[in-house]
Structures are given as structure tokens and as C-alpha cells.
Amino acid sequence: MRILMIAGNWKMNTTVSEAVKLVNEMRQGLDEIANVDKVVCPPFVSLAAVKEIIKGSSIKLGAQNLYFEEKGAYTGEISPLMLADLCEYVIIGHSERRQYFHEAGDIVNKKVRAALKVELKPILCVGERLEENEAGRTEEVVAEQLRSSLAGIDSLGDLTIAYEPIWAIGTGRAATGRWADETIGFIRRSITKLYTESVAQGIRILYGGSVTADNATEFMEQPEIDGALVGGASLKAEQFLSIIKQTSEARGRLSS
Ligand code: PEP
């Protein structure tokens, strides 16, 4: 059975001291939950400080982005080699990067390759816009994002996919558990077509988009959903902890 994962994407929030305070508030509660992979993804500047605090705990660390070159004259960018020293996971292709920083499939593809090369574990985000959803084009859009992001990559390593419908991110308008489950089922079938059934069965696919302590159980009880990528609610220790507790309990029910 795939191990469920809850990853908190803090986005461009928290100063270093706020990040330290937040992770200190979460540390003990998160560490007490054993059957879920718990990942926090603070801003780059806080990675080292957060790493220190979670040392010796079961909490894992991720970055929110990376550049695909290893080093050189790329002012302001952060390379895979720099991150490999600091953290285990990296979010790639988040819709905010696709939208505000014009990262299309070819860039996302280079970033996934660069992460895998240094054994960082990518959390690859895909998801459709509202107009695409309303036009019934979700599967077509998501299939194309998968195809372009993974083109020419033979081995996915420990890659996780996050299905994040753009209309649900930060809007308070989450998808239904059923919609997310069906679309994630489609994503799994697409991975079977691109790779093999066993790769598809082994890969974790998360849902993301306005997950909170009030709706987490609805998602975590779905058989295809392997966890969540959480934005806003991951900035509140109590909410994040509650989401992870609900995930752990849902996993207990699913496997019994
Ligand atoms: C996200 O940023 O990936 C996200 C899902 O945000 P939110 O939970 O705030 O919708």
C-alpha cells in the first residue's frame, strides 16, 4: 500500500523567524503521527533554519522550486545541487509558477530531470483552469501536462504527482472528493500508458486545492488519493496537524 503524504506549501509566506516559530509549533504533534509522510516546504531562505529544528524528527523538508542548471551565471536562482544538500523534496510546476513565471511543459520537464539527477524527490503539480474544467477538457489538459513534463524521462525515481485544479487553489472552493478521486484515477491510468501498471500503482498522487481541517477526511477516504498538497491551511499549526491526523485515521480505516 502507498504511504500517504501531506505536504505543506508555505508559498511566499513567513520570515525566517516566523518559519522557525511555525515549525516549532508543529514539531511535536507532527512527529507523533507515524503512518503518514509529513513534509513542510518553507521559502528557500528558511530551509536551513527549519532543517535544524526538525533534525531527529520524522518531519521531512521540501523546497518550492528550483532552477534546472547546476551552477553558473543565473543570478538569483537556486540549483538542484544546493537543494540536495538541504532537503528531500521539491515542488515543481506549481500552477502559480506556470501562471506568473510562464513555466511551460519544457521548463517543467527540465526541472524534473534536474531534480531526479541529484536524487531530489519531485512533487510534480498538474491541474486545469476553470474554463478548461467547464469545457470538459480536464483529462485532455492533465494528460498533456503529464506528457510534456515527463517526456524522455525513463525512470521516475521517487516522484509524487499533485493534482491541483487551478480553480480550487486558494479559492476556498475545493473539488469534491469524488471529482478528485476520478481525476486522480485518470492520472494513474495515464501513467500506466506512459510507463507501466506497476509504476502507476507505486506512484503517489495527491490532491491539492483548498484542503482544510473541515474537508480533509472527504479526500483522504478516497481510494485513489494518496494525500494532499496543502497551501493556506499549512500555515496554521493546528489546522495542518488536524489534516494530518485525519489522514492517518482515514488510512487506518482504508487498510482495515
Ligand atoms: C497550493 O498552493 O498548492 C494549494 C493547494 O493551496 P491552497 O491549499 O491554499 O488552496
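A crossing of two helices is called left-handed if the near helix is turned anticlockwise from the far one by less than a right angle, and right-handed if clockwise. With that in hand, welcome to this model. It is a predicted one, in which local features need pLDDT of at least 70 and side-chain atom pairs count only at pLDDT 80 or more, while totals for chains, interfaces and linings use all residues. Residues are numbered from 1 along each chain as its sequence is written, and side-chain values use heavy atoms, with hydrogens and water left out.

**Helix α1 and its partners**

Let us start with α1. Helices here are DSSP runs (H or I, at least four residues), numbered from the N terminus. α1 passes α11 in a right-handed crossing, and the crossing of α1 and α2 is right-handed too.

| Helix pair | Angle | Axis distance |
|---|---|---|
| α1 (residues 16-31) and α2 (residues 47-54) | about 25 degrees | 9 Å apart |
| α1 and α11 (residues 237-255) | roughly 25 degrees | within 9 Å |
| α5 (residues 105-117) and α7 (residues 138-150) | about 50 degrees | 7 Å apart |

At about 25 degrees, α1 is therefore roughly parallel to α2 (angles under 35 degrees count as roughly parallel, over 145 as roughly antiparallel, 65 to 115 as roughly perpendicular and the rest as oblique). Contact means heavy atoms within 4.5 Å. On the α1 side, V16, A19, V20, V23, N24 and R27 meet A49, V50, I53 and I54 of α2. By class, that contact has 8 nonpolar, 1 polar and 1 charged residues (Ala, Val, Leu, Ile, Met, Phe, Trp, Tyr, Cys and Pro count as nonpolar, Asp, Glu, Lys and Arg as charged, and the others, Gly among them, as polar).

α1 and α11 are likewise roughly parallel to each other. Here L22, E25, M26, G29 and L30 of α1 touch A237, F240, L241 and I244 of α11, giving 7 nonpolar, 1 polar and 1 charged residues.

**Helices α5 and α7**

α5 and α7 are oblique to each other, and their crossing is right-handed. G105, V108, N109 and V112 of α5 make the contact with S148, S149 and L150 of α7. It has 3 nonpolar, 4 polar and no charged residues.

**Around the ligand**

Of the 14 residues around the ligand, K11, E164, G170, S210 and G231 come nearest (near means that a heavy atom lies within 4 Å). The side chain of E164 has an N or O atom 2.7 Å from an oxygen atom of the ligand. For G170, a backbone N or O atom lies 2.6 Å from a ligand oxygen atom, and for S210 a backbone N or O atom lies 2.7 Å from one.

Methods: Axes are lines fitted to C-alpha atoms, for helices over the stretch in contact, and angles run from 0 to 180 degrees between N-to-C directions. Helices (H or I, at least four residues) and strands (E, at least two) are DSSP runs, numbered from the N terminus. A polar contact is a pair of N or O atoms within 3.5 Å; within protein, one must be able to donate a hydrogen and the other to accept it, and residues adjacent in sequence count only if both atoms are side-chain atoms.
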